[in-house]
Amino acid sequence: MNVVEKKLLNDYGLKTLAKGESNYVEVYEGDSFRRDMSYHQGITWVWLLGLYYNTLNNMIKAENRKTYKARLEEKLNAFIEKTFKTFEKEINQRGCIGSIAEIYDSKKPYEPKGTIAQAWSVAEILRIMSH
């Protein structure tokens, strides 16, 4: 979990490859071949936030130490709040107004890319928000 948080997690999702790894790509651009080759080489996918959310929940359920469980719950609540703020802006001001993109670049300003309105991105964010 520490490696995921340090190397893959950002406000828009999880990168598919850590920066510094061979063939890492942080911006989804170029012709169709170049885009296809970068799709899973470091680009950020929103739906993967759902797996991160599941993992935090499972860690909380499995934890018996009260102090550590409380820290995990704080981490989960902070994650939910940050996710809400990030995607409230996305839905209301960027990309496809009223929806969430499929993927994002993995560097600031984290531009929305791929499918402009992706159901699995929306579904995972709504699931996290309904916590």
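Are Tyr 12 and Phe 87 buried or exposed? Both are buried (under 20% relative accessible area; exposed means over 50%, partly exposed in between, with a 1.4 Å probe and protein chains only). This is a predicted model, in which local features need pLDDT of at least 70, side-chain atom pairs count only at pLDDT 80 or more, and totals for chains, interfaces and linings use all residues. Residues are numbered from 1 along each chain as its sequence is written, and side-chain values use heavy atoms, with hydrogens and water left out.

Start with the rings. The structure holds seven aromatic pairs (ring centres of Phe, Tyr and the six-membered ring of Trp within 6.5 Å; planes under 30 degrees apart are stacked, over 60 edge-to-face, the rest tilted). Tyr 12 and Phe 87 form one, edge-to-face, at 5.8 Å centre to centre and 75° between the planes. This pair links distant parts of the chain, 75 residues apart. Tyr 12 sits in the loop between strand 1 (9–10) and strand 2 (13–15), Phe 87 in helix 4 (residues 66–93). Helices (H or I, at least four residues) and strands (E, at least two) are DSSP runs, numbered from the N terminus. Ring pairs join Tyr 12 and Phe 87 with Tyr 104 and Tyr 110 in a cluster.

Now turn to helix 5 (residues 119–129). Ser 121, Glu 124, Ile 125 and Ile 128 are buried there. They lie on the same side of helix 5, because they cover an arc of only 95° around the axis (taken from the directions from the helix axis to the C-beta atoms). The buried residues pack against helix 3 (48–62) and helix 4 (contact: heavy atoms within 4.5 Å). The face turned away from the buried side carries exposed Ala 119 and Leu 126.
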